Amino acid sequence: MSDERDAVTDGRGEVTGGEQSSPVPARQHDRLKRWGRDRARAPRVGGRPWALLVPAVVGLAFLVLPFVGLLVRAPWRAMPELLSGDTVLPALRLSLTTATAATAVSLVLGVPLAWLLARTDFPGRRLARTLVTLPLVMPPVVGGVALLLVLGRNGIIGRWLDSAFGVTLPFTTAGVVVAEAFVAMPFLVLSVEGALRGADTRYEEAALTLGASRFQVFRRVTLPLIAPGVGAGAVLAWARALGEFGATITFAGNFPGTTQTLPLAVYLSLQDSPDAAVALSLVLLAVSLAVLLALRGRWTTGAQA
Amino acid sequence: MTTPPAPTDPARTGLAAAAPAPALDARLVVERGGFSLDLALNAASGEVVALLGPNGAGKTTALRALAGLAPLTGGHLRLDGEVLEDPGARVRVPTERRPVGVVFQDYLLFPHLSALDNVAFGLRAHGRSKAEARAHAHEWLDRVGLAAHARSRPRALSGGQAQRVALARALAPRPRLLLLDEPMAALDARTRLEVRTTLRRHLAAFEAVAVLVTHDPLDAMVLADRLVVLEHGRAVQEGAPADIARHPRSDYIARLVGLNLFRGTAHGHDVTLDRADGAEGADGELVLTAADAGDGPVFAAFPPAAVTVHRTRPDTSARNQWPVTVLGMERHGDQVRLDLSGPLRLTADLTPASVADLGISEGSEVWAAVKASQTRAYPA
């Protein structure tokens with residue numbers, strides 16, 4: 001209640017300037033009240049609550065300043081030369097392809113998994129959901145170790161993959177994809193699951209009455225309806241895969257050309273040529289910014305609609 | 001689908017032998033939470049049956065059960081001799097394999113598909129090629145007068161247009177059972193009129209069974225050949241629209257068709273009314289004289305126009321007159337409808353002129369008289 005009154009006062013202050021002492025006619029007051037409520041999203045800082053403002057500004061600076069520093073200290077002149085070196089381009093190409101492949105893997109496995117979690121009821125569903133989100137909170141290095149134990153040459157599945165198909169995953173480009181997909185897929189699953197829960201299931205019923213099989217319903221009705229959620233999840237997963245470090249270096253190692261992705265290259269070049277590290281960081285920053293813009297511009301608004 | 005042995009129901013087997021089996025033969029039993037639906041529903045090919053009832057009566061549940069979207073907990077469902085559901089024999093044909101078409105209350109047109117692809121959806125699901133389905137869908141859109149809107153997305157269509165696309169979409173795969181859930185509810189009054197006409201034409205041309213759910217008696221009367229009145233999950237009355245309108249058997253229908261309805265016991269032309277109909281005051285028996293003679297429990301009904309209102313007791317020896325209080329007045333077409341309370345609770349229609357002449361307003365004490373010639377009595 002008091003919030004609303006504040007908004008009214010603010011609104012009146014904006015419109016009538018110094019006339020706060022004169023009583024506002026009832027009808028005008030109503031209009032102002034509505035006006036004030038519309039503008040409530042950007043209220044005037046009236047009493048200056050320093051206890052909130054100071055930490056807020058410090059927090060903002062803490063998050064933004066590192067990027068400013070990166071931009072200020074970037075060796076802009078040497079950039080073309082640094083970026084054309086023989087580590088950057090292969091690392092960038094590898095990062096882009098593996099992140100895209102990991103996103104594809106996440107889509108193929110993650111969308112049905114999200115469907116399973118959102119639309120079916122089986123014993124242990126809640127436990128499954130918790131386990132799916134585990135890679136989100138777990139240190140990626142731990143994920144890398146776990147992958148090594150399962151898919152490594154002597155791992156439970158890895159040994160069988162090796163003997164039956166001659167396939168080895170650790171320390172290969174495919175291993176990079178596996179590691180990235182492991183940490184990125186939960187983002188996609190959560191995003192798609194949320195979209196599925198929000199989708200109107202009556203459209204699916206309508207499709208059933210028209211004779212569509214359950215899979216046709218999913219492909220031709222459900223999926224198009226949750227496309228914004230799938231898109232948002234895919235972008236998030238892709239961004240997470242692109243920045244993956246811990247699980248990748250643990251499970252796939254750091255071999256230039258095959259497993260050395262951009263984040264690994266940044267970390268390593270920091271030892272011998274800090275300028276190159278800065279240049280590489282800028283590339284990653286640019287990619288992240290592009291993702292963020294894409295998300296804000298299309299997917300998030302689409303998902304809300 | 002193997003047909004299971006017919007359930008042992010001597011009554012039905014006897015009936016089946018006598019008359020040709022109806023296209024739709026169902027007893028829908030759905031028990032869920034505190035709600036229970038038990039509705040026997042039969043219909044011949046080409047027949048349009050309307051389920052009419054207040055909100056929460058179970059109309060939509062019945063429709064969902066027919067479509068297979070709500071499983072039966074008992075009873076059976078047969079269409080053209082084929083068993084679609086029989087919980088007793090553990091038979092249940094899933095929704096997608098039932099030859100049904102549904103027009104949903106808010107149409108549920110797929111928002112990501114054009115009007116054409118919405119109509120083609122069912123055809124494609126039934127295995128037609130894309131080109132074939134689209135050509136066929138085009139014919140359907142043409143039939144409902146929307147060929148020009150084939151490429152429009154649902155959100156670009158008006159309510160009436162969306163309703164027609166939904167109808168075309170449901171009809172395109174040639175269902176043998178068409179279900180319509182409150183097909184007019186989402187439309188404004190003007191569009192309703194136009195859509196009702198279109199719908200009536202298409203339903204009349206539809207050769208299989210159509211079941212319509214509505215709480216609007218006008219829709220039901222105009223569109224359906226037969227009405228089933230549903231209250232609290234049970235059918236309380238069934239018959240031709242005109243019969244039901246003339247002889248309502250429940251307060252709900254009486255109110256809908258604008259009749260005053262009372263229960264009582266007839267002795268010749270005199271009906272002694274039961275005292276549970278919102279009556280107040282007045283002692284002794286309440287007797288209504290009716291045009292029809294009868295004996296035993298009856299319904300007595302008369303239209304609001306059969307009620308006359310007087311300032312003082314009309315100087316007649318007739319019995320159908322009572323002192324009443326005007327509880328409310330409202331416009332009803334070109335008449336004023338009065339809500340009267342006394343020994344009987346009734347509604348009366350007067351012209352605005354007579355309201356002015358009588359000088360009555362809310363709270364006025366007046367006399368109400370009912371013409372015996374317009375009071376019908378029929379067995380309860």
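## Exercises on chain B

Let's start with two helices that touch: B:Gly159, B:Gly160, B:Gln163, B:Arg164 and B:Leu167 of α5(B) meet B:Thr191, B:Glu194, B:Val195, B:Thr198, B:Leu199 and B:His202 of α6(B). Here, contact means that two C-beta atoms, placed from the backbone, lie within 7 Å. Helices (H or I, at least four residues) and strands (E, at least two) are DSSP runs, numbered from the N terminus.

A quick note: this is a predicted model, where local features need pLDDT of at least 70, side-chain atom pairs count only at pLDDT 80 or more, and totals for chains, interfaces and linings use all residues. Residues are numbered from 1 along each chain as its sequence is written, while chains are lettered from A and ligands numbered from 1 in the order in which they are written.

**Exercise 1.** Work out how α5(B) and α6(B) are arranged.

*Solution.* 
- Step 1: sort the contact residues, which gives 3 nonpolar, 6 polar and 2 charged. Ala, Val, Leu, Ile, Met, Phe, Trp, Tyr, Cys and Pro count as nonpolar, Asp, Glu, Lys and Arg as charged, and the others, Gly among them, as polar.
- Step 2: look at the axes of α5 (residues 159–171) and α6(B), which come within 10 Å and cross at roughly 15 degrees. Axes are lines fitted to C-alpha atoms, for helices over the stretch in contact, and angles run from 0 to 180 degrees between N-to-C directions.
- Step 3: that makes the two helices, α5(B) and α6(B), roughly parallel (under 35 degrees; over 145 is roughly antiparallel, 65 to 115 roughly perpendicular, the rest oblique).

**Exercise 2.** Find where B:Glu182 sits, and decide whether B:Glu182 is buried or exposed.

*Solution.* 
- Step 1: B:Glu182 isn't a glycine, yet its phi is positive, near 45 degrees.
- Step 2: B:Glu182 belongs to the loop between β8 (177–181) and α6 (189–205) of chain B.
- Step 3: B:Glu182 has 20 other C-beta atoms within 10 Å, so it is buried (20 or more; exposed is 12 or fewer, partly exposed in between, with C-beta atoms placed from the backbone).
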